[in-house]
Amino acid sequence: MTKYIIKKLVIAVVTLFLVVFILFLLMELMPGSPFNDPKLSDDQKQVMMQAYGLDKPVLTRFFIYVKNILHGDFGVSYNLATDVPVAELIKTRLPISMIIGAAALVLGSIAGLVLGFFAAFKKGKIWDLICRIISVISISVPAYIFAILFSYYLGFRLKALPLLYDFRSPVLSSLMAVIALSIFVMGVVMRYTRDESITVLNSDYVLFARSQGISKSTLLFKYVMRNSFMPIITVITMLLVGLLTGSMVTESIFAVPGIGFLLSSAVSANDYNVVIALSFVFALIYVIARLALDILYGIIDPRVRVSGRAN
């Protein structure tokens, strides 16, 4: 088990290293620079590039950056908040996105699990068809479309909820963003829950349990839920990362001061340090989540550890 964990840790570190390197190359290939103000002369732009060390070769800047982030230093913002440490910008905004993302994940997962199990037990009936249609719509339609609809009808027309995020009422003013983001989660969890539950219901041991007259409620809680849960947890964990990276437009619509809105602003302003730091944070969250799942699988199922060593 120790070798298995060490192997996964090494893979995680190498993955993060490659992510930062690729980000540096992409930033280098992007048109323009952080100093695109037309009021600045070419000489002034050159002076600012030298002041921030952007005139150095990309590999030199990359290794300097890696050395700095090992000490928690992500550099400073060039445009969004001039000379403010990027770590400070992330520290104030990350909790907001995490809370909204976690709330959307919980709400969507609960709804998806309930509808998924219900559809599986009603397979082939009208209720199963309705649940599948809901799943297809919720997965196909982007979250920002629902956000716009909620904003117009619930916020503007009915004035039932605040249109924009308000620090004085964070729960109420973020409710539309949470619901909009949770719809995609609901659709994905519903689909996986239905498919996994049907697979379990068609297994030999469940068919045998049915022949013994075991009630549907016992089948659901003792067999179906227990044996379907691990694949579903994998999907739910990965959705948490997607909620953070995919919430840029939704946060912009409701003016939520989270890291999604910060990233979209940084990309528009060519604020390299903010873009790279946020992308690194997203990658770090994903790698940690994936690592935790791999270790959990290795603990629960020894066959995973064996196959891991074989690879």
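Does Leu149 count as buried, exposed or partly exposed, and at what relative accessibility? Leu149 counts as partly exposed because its relative accessibility is 42%; buried means under 20% relative accessible area, exposed over 50%, and partly exposed in between (1.4 Å probe, protein chains only).

This is a predicted model, in which local features need pLDDT of at least 70 and side-chain atom pairs count only at pLDDT 80 or more, while totals for chains, interfaces and linings use all residues. Residues are numbered from 1 along each chain as its sequence is written, and side-chain values use heavy atoms, without hydrogens and water. The average pLDDT (the predictor's confidence in each residue, from 0 to 100) is 83 for the chain, and 92% of the residues score at least 70. Helices are DSSP runs of H or I with at least four residues, numbered from the N terminus.

Leu149 lies in helix α6. Leu149 also belongs to a nonpolar surface patch of about 900 Å², whose members include Tyr144, Phe156 and Val249. Such a patch joins nonpolar side chains (Val, Leu, Ile, Met, Phe, Trp, Tyr) within 5 Å, from residues with over 30% relative accessible area and no salt bridge (a side-chain nitrogen of Lys or Arg within 4 Å of a carboxyl oxygen of Asp or Glu). Helix α6 (residues 143–157) gives the most to the patch, with seven residues.

Helix α3 (residues 58–69) has buried residues at Arg61, Phe62, Tyr65, Val66 and Ile69. Seen down the axis of α3, these fall within an arc of 135 degrees, so they line one face of the helix; the arc is taken from the directions from the helix axis to the C-beta atoms. The face turned away from the buried side of α3 carries the exposed residues Phe63 and Lys67.

Methods
Patch = residues over 30% accessible without salt bridge, like charges linked within 9 Å, V, L, I, M, F, W, Y side chains within 5 Å. Areas by Shrake-Rupley, 256 points an atom, 1.4 Å probe, with all protein chains shown as cover. Helix = DSSP H or I, 4+ residues; strand = E, 2+ residues; numbered from the N terminus.
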